[in-house]
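The fold as a whole comes at the end.

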Amino acid sequence: QLKNQGLISGSDGRKMSKRWGNVINPDDVIASYGADTLRVYEMFMGPFEQGASWSTESMIGSRRFLDRVWKLAGKIGKVKTDEVVENTLHKAIKKVGEDIDQFAFNTAISTMMVLSNEMDKLELIDRKTFEYFLRILAPFAPHITEELWFSLGHNQSIHLETWPTYDKTKLQDKIVTIVVQVNGKVRASFEIEAGIKQSEVENLALEQEMVKKWLVG
């Protein structure tokens with residue numbers, strides 16, 4: 001496929017040029033933030049085909065994400081897989097794999113950020129979950145994932161590993177949020193177990209106090 005990438009302009013919104021003095025030297029960025037941060041930031045800036053303005057300040061978010069990944073390695077322990085994290089992981093494996101095919105790198109990274117946040121909420125995370133996470137992050141941040149991979153005792157590069165296979169049974173949410181609109185405006189929301197019949201959902205929606213108010217007459 002031919003993919004035409006968007007133009008990254010200077011922080012002033014103009015095309016990078018020596019004339020304007022707004023050129024970004026990758027070597028300087030790497031020296032300050034690291035190569036992986038630069039890679040993640042460039043892919044997280046926006047859709048591949050669209051342009052964007054450079055912002056060194058915004059790069060801090062990508063650096064914090066990778067710092068969180070590094071700290072997560074210190075949480076590995078002998079613990080049962082957390083159900084929420086496990087479901088989020090398998091959704092991420094599916095989403096990131098599909099996004100790579102579509103060159104949707106920005107949404108792939110945001111998906112992995114969500115996963116890292118969920119893991120960060122736990123006191124301990126199981127080794128298998130973290131290793132799966134490293135394998136889907138590897139194409140985006142090759143250096144930190146390689147370092148962590150070997151620190152876990154592996155003797156072969158993470159970049160020679162196969163892409164993880166997601167479990168379809170882990171993709172379905174057990175709890176879903178129902179949003180109720182009246183005349184196009186949100187009036188209420190509530191959570192239910194997935195799989196409830198349509199008629200039951202409608203009855204629950206009609207029982208919401210704010211919905212009753214807007215259905216009078």
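This is a predicted model: local features need pLDDT of at least 70, side-chain atom pairs count only at pLDDT 80 or more; totals for chains, interfaces and linings use all residues.

Contact here means heavy atoms within 4.5 Å.

Phe140 also belongs to the largest nonpolar core, which has 33 residues. Such a core is a set of buried Ala, Val, Leu, Ile, Met, Phe, Trp, Tyr and Cys residues joined through side-chain atoms within 4.5 Å. Buried means under 20% relative accessible area, exposed over 50%, and partly exposed in between, with a 1.4 Å probe and protein chains only. Phe65, Met112, Phe133 and Phe140 touch the most other members. Six helices each give this core at least two residues: α2 (35-44), α3 (59-72), α4 (83-101), α5 (105-120), α6 (127-137) and α7 (142-151). The largest share, seven residues, is from α5. A second core stands separate, with seven residues, among them Val180, Val201, Ala205 and Val211.

Now look at α7. Its buried residues are Pro142, Ile144, Thr145, Leu148 and Trp149. Their cover includes α2, α3 and α6. After α7 comes Gly153, with a positive phi near 100°.

Step back to the whole chain. It holds nine helices and four strands. Their order from the N terminus is β-α-α-β-α-α-α-α-α-β-β-α-α. Helices (H or I, at least four residues) and strands (E, at least two) are DSSP runs, numbered from the N terminus.

The radius of gyration of the chain is 22 Å, whereas a compact globule of 217 residues would have one near 17 Å. That radius is taken over C-alpha atoms, and the globule rule is 2.2 Å times the number of residues to the power 0.38. Along the principal axes, the C-alpha atoms fill a box of roughly 70 × 50 × 35 Å. Of the 217 residues, 34% are buried. Among contacts between residues at least 6 apart in sequence, 60% join residues at least 24 apart.

The accessible surface is about 13,600 Å², with 50% belonging to carbon and sulfur atoms. Areas come from the Shrake-Rupley method with a 1.4 Å probe; for residues, only the protein chains shown count as cover.

Residues are numbered from 1 along each chain as its sequence is written, and side-chain values use heavy atoms, without hydrogens and water. Local features need pLDDT of at least 70, side-chain atom pairs count only at pLDDT 80 or more, and totals for chains, interfaces and linings use all residues.
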